[in-house]
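Please open the model in your viewer and keep the sequence beside it, as each stop on this tour asks you to select something and look at what is there.

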Amino acid sequence: MTDELTALDELPDQTRSNGADIAEPTEPAADPDAAEPVELTDTVLEALLFVAERPLSRREIAALAGVDRATVDARLGDLEVALAGRGIRLVLSGDRVELVTAPEAGALIARYVGADAVRLSPASLETMAIVAYRQPVTKAAIERIRGVDSDYTIRTLLHRRLVVELGRSDAPGRPYLYGTGFEFLERFGLTSLEELPPLDVDVAARLAEEDVLVDTADPDAAARTDPGLESPDGTSTPDSAPDGA
């Protein structure tokens with residue numbers, strides 16, 4: 001998995017503009033029709049997103065400003081263009097929107113806020129790369145590709161919200177399907193998964209093949225039959241190196 005790890009590791013760590021933890025978005029109780037309309041200019045929208053301590057939904061912005069979704073979408077498009085090439089960027093993921101620092105400023109920002117202390121282990125980077133490029137993907141597929149038990153690493157990434165549960169597979173046992181969420185894009189300074197560095201053709205083909213093999217079979221089959229998952233004494237080889245945080 002060297003190629004996958006290298007591809008993901010080349011992305012700069014991204015730091016929030018205000019350093020606040022991200023909470024689950026809460027929709028406003030106010031009715032958009034009842035709110036006093038506010039002229040939602042680029043300046044007003046930028047100020048709102050700057051002070052927000054978490055990503056805002058388009059619906060939430062519309063309710064706060066007392067405008068319709070079309071107006072919000074238009075202003076977001078204008079703001080995205082206006083911020084291109086500047087120190088603050090607009091990140092859109094589905095319905096959620098947020099301002100983040102530019103990727104090229106990541107090292108300096110991280111030094112200032114001390115984010116360098118929050119490092120991802122090689123095991124976490126490798127697992128996250130598999131999830132990012134093959135999502136939705138099951139734990140069994142991840143372990144078959146990596147060749148080691150990945151339960152600890154997946155739980156760590158879930159805790160940090162870099163990996164999220166997308167639902168369950170239709171395979172026997174209905175295992176969880178994993179993918180990346182908004183925090184993954186934010187951490188690596190991406191606006192969409194389409195900006196991920198391209199994989200080597202052979203590596204991409206191998207990932208696709210392994211994913212199909214695991215997800216169309218018994219989800220636990222790889223752990224029982226793949227000799228690469230067992231140590232000489234017949235026990236599973238887990239991830240043992242914790243992340244640096």
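Begin by selecting helices α7 and α8, where α7 passes α8 in a right-handed crossing (the near helix is turned clockwise from the far one by less than a right angle). Helix α7 covers residues 139–146 and helix α8 residues 151–159, and they pack at an angle of about 125° with their axes 10 Å apart. The two are therefore oblique to each other, a word for angles that are not under 35 degrees (roughly parallel), over 145 (roughly antiparallel) or 65 to 115 (roughly perpendicular). Axes here are lines fitted to C-alpha atoms, for helices over the stretch in contact, and angles run from 0 to 180 degrees between N-to-C directions.

This is a predicted model, in which local features need pLDDT of at least 70 and side-chain atom pairs count only at pLDDT 80 or more, while totals for chains, interfaces and linings use all residues. Residues are numbered from 1 along each chain as its sequence is written, and side-chain values use heavy atoms, with hydrogens and water left out.

Next, show the side chains of K139, I142, E143 and R146 in α7 and of D151, T153 and I154 in α8, which make the contact (heavy atoms within 4.5 Å).

Now move to the open sheet of 3 strands, ordered β1-β3-β2 with antiparallel pairing; strands pair if DSSP finds at least two bridges between them, and helices (H or I, at least four residues) and strands (E, at least two) are DSSP runs, numbered from the N terminus. Strands β1 (56–57) and β2 (88–93) stand at the edges with a single partner strand each, so one side of each has no neighbour in the sheet.

Finally, select L56, which stands opposite V97 in β3.
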